[in-house]
Amino acid sequence: MMGKTWSKPEQWLRPGLKIVGKWHQNEYVLKRKLGQGAIGTVYLCEMNGQLVALKMSEKNTSMTMEVNVLKSLEKARDHCLGPSLLDVDDWQPPHGPVLSFYVMEYIQGEPLRTFLQRNGTDWLGVFMLQLLDDLDKLHEAGWVCGDLKLENLLVTNTPPRIRWIDVGGTTKIGRAIKEYTEFYDRGYWGMGSRKAEPSYDLFAFAMVCIGLFYASTFERGKQQPEVLIRRRLHRVQTLRPFEACIMKAITGKYRSAKQMHQDISHVLQQMKAKKRDSSSSDAFLMEGAGMLLLAGGYYLLSLFIP
Amino acid sequence: MKKGTLKQILLITDGCSNKGEDPAATAALAREQGITVNVIGILEDDHSEEPDGLMEVENIALSGGGVSQLVYQQALSQTVQMVTKQAMTQTLQGFVNLELQQILGSDQTMEDLAPDKRGEIMEVVEDMGETCDLEVLVLVDTSASMHDKLPTVKEALIDLSISLNARIGRNRFCMLQFPGKRRDAEKILDWSPKFDAVSNSFPKLMSGGVTPTGPAIREAMHQFGRKSLLRSFGRNDGQDLEQA
């Protein structure tokens, strides 16, 4: 049954294909493949002129679990984590077993790393706060992100907003993390359990920040993990102001995303204050010059008007 | 609802059996006793093996009611966890399907239900998977060809115990190697809640080309039986989920 994982029914799924749901009879026209994960493949589809993301898989049970997560996220929908769920259905291909699919909002965005390369790292602080805010709301709702990683983070435009696009790893607080990626997993680094709790996400969040500045992820070695991660972090100039916060997240010192949010926004305020200090003397000169100009103008004006 | 204990054998091998009974038949016996047999076949990194040599892997899992997967060494950790969890879900879903058939009629399965209903049932299955007790007996092939793979196997197993121990339910692990020094299979780790204990006593390699997979599975079955005779595993011992 499950043993035959190599006979994939994906040969049918080509651009132009019309997918009609078995239960709700909605019609989707397949445009192109967006990506492939452990559980299924995501396609860009069109439904009544609207672009949507459709995930299809033969692993019915895993798909149902993902839908359950999306549904519960829907209930606590004042955060921007995860796409919204539009439809859940089955599809019967010309041959073979029935496939499950679900349809989500299509989040069109740019990978975090390329966005920062194009628009400058000033945005980093903004996104950190946005993401921590979302994480906090998710945790408040009783869930943990689990598989938080760079590949799952997109920046949507106008105004730039960070979004997280894969809910596959989302786990109820207190349970075992469902899905993870080694680099972002504190269990892999020997720095904590795989129990779903806020600090698990914050570790992954810290690794996202560090991973952002390395072309490829690094592995554990002979060195003590904490020392290795600290060294890698210290090498990144842009992260220096946040170093203490990030290490606190790595070592599991934060109880909630809110605490980390506070620390990061504090750092950002200090950074702004510093910038203001260094530019305030210039501002003073400019202001003086402006006043002189105005005064001169009035003086000249008074000469012409008798 | 009473908690039950899931029993699994996880066979890790890189080749064909060549001694003793047919492993697929033994796996079918294990299944009869409520033990699921999962198999992971490790592929050579240089793609040198003959594909039909590993056909056995799929057959053993099929008759053992479990999950099988062929994998290259570097993906072993993830695969071991995926296979274990998938098999748990599959077994639990099997129980739920049986219950459903009693309620809905004999030809109904979960796939015949509308997605909404399916979701509710899966939530129950997921709850059971999180809270049930689990016993995994790992059966490691230590014939000569496994030489350079054993360190990866060890890492993967420690990682598996990290993952499973994050669950609410309790876990017990046991490990046998085959072939053993004097017998077809020998115990390296007795039932214990963690795999870290295995670090020191990880199997030494046995030279020679004997791979008694069938007899090893039989020995593994005995370990489940013996344990419940010698030592009690809480008050729920010996009860399967069928009674849940």
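B:Ile217 is buried, at 0% relative accessibility. Buried here means under 20% relative accessible area, exposed means over 50%, and partly exposed is in between, with a 1.4 Å probe and protein chains only. B:Ile217 sits in helix H6 of chain B, residues 213–230. Helices (H or I, at least four residues) and strands (E, at least two) are DSSP runs, numbered from the N terminus.

Before I go on, the conventions. This is a predicted model, in which local features need pLDDT of at least 70 and side-chain atom pairs count only at pLDDT 80 or more, while totals for chains, interfaces and linings use all residues. Residues are numbered from 1 along each chain as its sequence is written, chains are lettered from A and ligands numbered from 1 in the order in which they are written, and side-chain values use heavy atoms, with hydrogens and water left out.

Staying with chain B: it has six helices and six strands. Their order from the N terminus is β-α-β-α-β-α-α-β-α-β-β-α. Chain B has 244 residues, of which 55% count as buried.

Next, strand E6 of chain A. Why is E6(A) largely enclosed by the rest of the structure? Because six of its seven residues are buried. Strand E4 of chain A, residues 50–57, is joined to E6(A) by six bridges, and the two run antiparallel. Two strands count as paired if DSSP finds at least two bridges between them. A:Val52 has A:Glu105 as its bridge partner in E6(A). E5(A) is likewise antiparallel to E6(A), with six bridges, and there A:Asp90 stands opposite A:Ser100.

Those last two residues come back in the cavities. How many cavities of 30 Å³ or more does the structure hold? There are four. A cavity is found on a 1 Å grid over the protein atoms alone, as a set of points where a 1.4 Å probe fits but cannot get out, and lining residues have an atom within 4 Å of a point. Grid points are joined across faces, edges and corners, and a volume is the space filled by probe spheres set on the points. The largest cavity comes to about 80 Å³. Its lining includes A:Asp90 and A:Ser100, together with B:Pro115 and B:Arg118 from chain B. Helix H1 (60–75), strand E5 (85–91) and strand E6 (99–105) of chain A, and helix H4 (115–131) of chain B, each supply at least two of the lining residues.

Now the charges. Side chains of opposite charge can pair when their charged atoms come close. A salt bridge here is a side-chain nitrogen of Lys or Arg within 4 Å of a carboxyl oxygen of Asp or Glu, and the count over all chains is 27. I will take three of them.

B:Asp159 and A:Arg194 form a salt bridge at 2.9 Å, N to O. B:Asp159 lies in helix H5 of chain B (150–164) and A:Arg194 in the loop between strand E11 (171–172) and helix H4 (198–211) of chain A, so this pair joins two chains. Both residues are buried. A:Asp185 is linked with A:Arg194 and B:Asp159 in a network of salt bridges.

A:Glu110 and A:Arg118 also pair, with their closest N and O atoms 2.9 Å apart. A:Glu110 is buried at 17%, whereas A:Arg118 is exposed at 58%.

In the third, A:Lys137 and A:Asp133 have their closest N and O atoms 3.8 Å apart. The two are four residues apart in helix H3 of chain A (122–140), which means a separation of about one helical turn. A:Lys137 is partly exposed at 29%, and so is A:Asp133 at 33%.

One more sheet in chain A. Three strands form an open antiparallel sheet in the order E7-E9-E10. E7 (110–111) and E10 (161–164) stand at the edges with a single partner strand each, so one side of each has no neighbour in the sheet. Four bridges join E9, residues 153–156, to E10(A), and A:Leu153 stands opposite A:Trp164.

Last, the surface. A:Tyr299 is in helix H7 of chain A, residues 257–304, and is exposed at 54% relative accessibility. With A:Leu300, A:Leu303 and A:Phe304, A:Tyr299 forms a nonpolar surface patch of about 520 Å² accessible area together. Patches take residues with over 30% relative accessible area and no salt bridge, joining like charges within 9 Å and nonpolar side chains (Val, Leu, Ile, Met, Phe, Trp, Tyr) within 5 Å. The areas come from the Shrake-Rupley method with a 1.4 Å probe, and for residues only the protein chains shown count as cover.

Definitions and conventions: 1 Å grid on protein atoms, 1.4 Å probe; cavity = no way out; pocket = protein on both sides within 12 Å on 5 of 7 lines; lining within 4 Å.
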